[in-house]
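The following note sets out, point by point, what may be said about the fold of this protein and about two selected residues. It is intended to be read beside the sequence and the coordinates.

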Amino acid sequence: IYSYMKHYIELTIPPEYALLISGKWGTGKTFFVNNYLEKEPHKEKKFIKISLFGTKSVDEIHKQIIFQLIGTEEGSLSNSLIKIGSSILDSFGKKINLRIHDIPIEHVLKTLTKKLDKEIIFIFDDLERITVNIPEILGYINILVERLHLKTILLANESELTKKDQYKEFKEKIIGKTFLLKQDFNTSFDTFVELINISKTAIIDNKTTIENIFITANYHNLRHV
């Protein structure tokens with residue numbers, strides 16, 4: 001999965017499909033991607049990471065994307081208005097106030113990609129946890145993938161996604177490659193231990209016991225480690 005994600009991110013020709021990394025809750029999908037980005041920073045690219053957990057509308061996603069693109073914290077501006085200068089959205093005139101949903105994502109992305117001089121790559125996490133209709137969110141993602149030719153990585157528990165209406169039909173159109181991420185106790189354990197300052201030796205000495213308890217408990221969720 002690591003090798004293919006690296007290949008996908010480094011493609012010089014837009015693949016025009018999204019990459020899905022699936023796995024049950026707690027298998028470490030987010031951790032896996034964050035760990036990858038630490039080891040492979042790709043300084044010539046800008047990663048826009050969006051958590052979809054609890055998202056109720058496409059407007060919310062749209063807002064998150066714009067705030068990340070212009071490098072501004074959401075809390076520093078009003079929820080309904082954003083000031084964008086003509087240097088970013090020149091065709092809209094000089095320094096005007098716009099409502100978030102009035103800013104076309106196509107124009108923002110095309111303009112800011114040139115301004116940043118970096119390739120923009122999207123990572124959408126917790127796709128199965130959105131409350132907005134699947135066709136609506138996948139339709140939005142399809143604009144990024146097919147119309148704007150942007151690389152997009154999706155993280156989700158696909159076994160939950162398949163329960164949602166029309167997911168399978170939209171998957172065929174948008175998602176070109178799917179990987180199933182399974183738990184890797186040893187790698188996760190070693191990484192967690194590196195973050196510990198207290199009782200590290202005792203924890204390492206009891207690794208086998210901890211692993212046996214984790215397996216016996218049958219949680220299958222690395223958060224319990």
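1. Overall content. The secondary structure of the protein consists of 10 helices and 7 strands. The model is a predicted one, and the points below should be read accordingly. Of the 225 residues in the protein, 40% are buried. Among contacts with a separation of 6 or more, 68% are between residues 24 or more positions apart.

2. The sheet. An open sheet is formed by 5 strands, arranged in the order β2-β5-β6-β1-β7, with parallel pairing. From one strand to the next, the twist averages 20°.

3. Pairing of β5 with β2. Strands β2 and β5 are joined by 7 bridges and pair in the parallel sense. Within this pairing, Phe-47 stands opposite Ile-121 of β5. The chain then passes from β5 through α5 to β6, a β-α-β crossover that is right-handed.

4. Pairing of β5 with β6. Strand β5 (residues 119–125) is also linked to strand β6 (residues 152–156), here by 3 bridges, and the two run parallel. Phe-124 has Leu-154 of β6 as its bridge partner. Helix α7 (residues 167–174) packs on the sheet, where it touches β1 (18–22) and β7, and its direction makes about 110° with that of β7.

5. Burial of β5. How enclosed is β5 by the rest of the structure? Of its 7 residues, 6 are buried, so β5 is largely enclosed by the rest of the structure. The cut-off applied here is that a residue is buried under 20% relative accessible area.

6. Packing of α5 against α7. The description of two packed helices rests on the angle between their axes and on the distance between the axes. For helix α5 (residues 134–147) and α7, the axes come within 10 Å and cross at roughly 5°. Angles under 35 degrees count as roughly parallel, and α5 and α7 are therefore roughly parallel to each other. On the α5 side, the contact is made by Ile-134, Pro-135, Leu-138, Gly-139, Ile-141, Asn-142, Val-145 and Glu-146. On the α7 side, Tyr-167, Phe-170, Lys-173 and Ile-174 take part. By class, this contact of α5 with α7 comprises 8 nonpolar, 2 polar and 2 charged residues.

7. Asp-126. This residue lies in the loop between β5 and α5. Is Asp-126 buried or exposed? Its relative accessibility is 17%, so Asp-126 counts as buried. When residues up to four places away in sequence are not counted, Asp-126 touches Ser-51, Leu-52, Phe-53 and Leu-155.

8. Val-225. This residue is found in the segment after α10 (207–217). Because its relative accessibility is 34%, Val-225 counts as partly exposed. Which residues are in contact with Val-225, once its neighbours within four places in sequence are left aside? They are Phe-185, Phe-192 and Phe-214. A further pair may be noted: Val-225 and Phe-189 are 36 residues apart in sequence, and their C-alpha atoms are 7.5 Å apart in space.

Terms used: Residues numbered from 1 in each chain as written. Predicted model: local features only at pLDDT ≥ 70, side-chain atom pairs only at ≥ 80, totals over all residues. Heavy atoms only, no water. Pairing = 2+ DSSP bridges. Helix = DSSP H or I, 4+ residues; strand = E, 2+ residues; numbered from the N terminus. Axes fitted to C-alpha atoms, helices over the stretch in contact; angles between N-to-C directions. Contact = heavy atoms within 4.5 Å. Parallel < 35°, antiparallel > 145°, perpendicular 65-115°, else oblique. Nonpolar A, V, L, I, M, F, W, Y, C, P; charged D, E, K, R; others polar. Buried < 20%, exposed > 50% of the residue type's maximum accessible area, 1.4 Å probe, protein only. Right-handed = clockwise from strand over helix to strand, strands pointing away.
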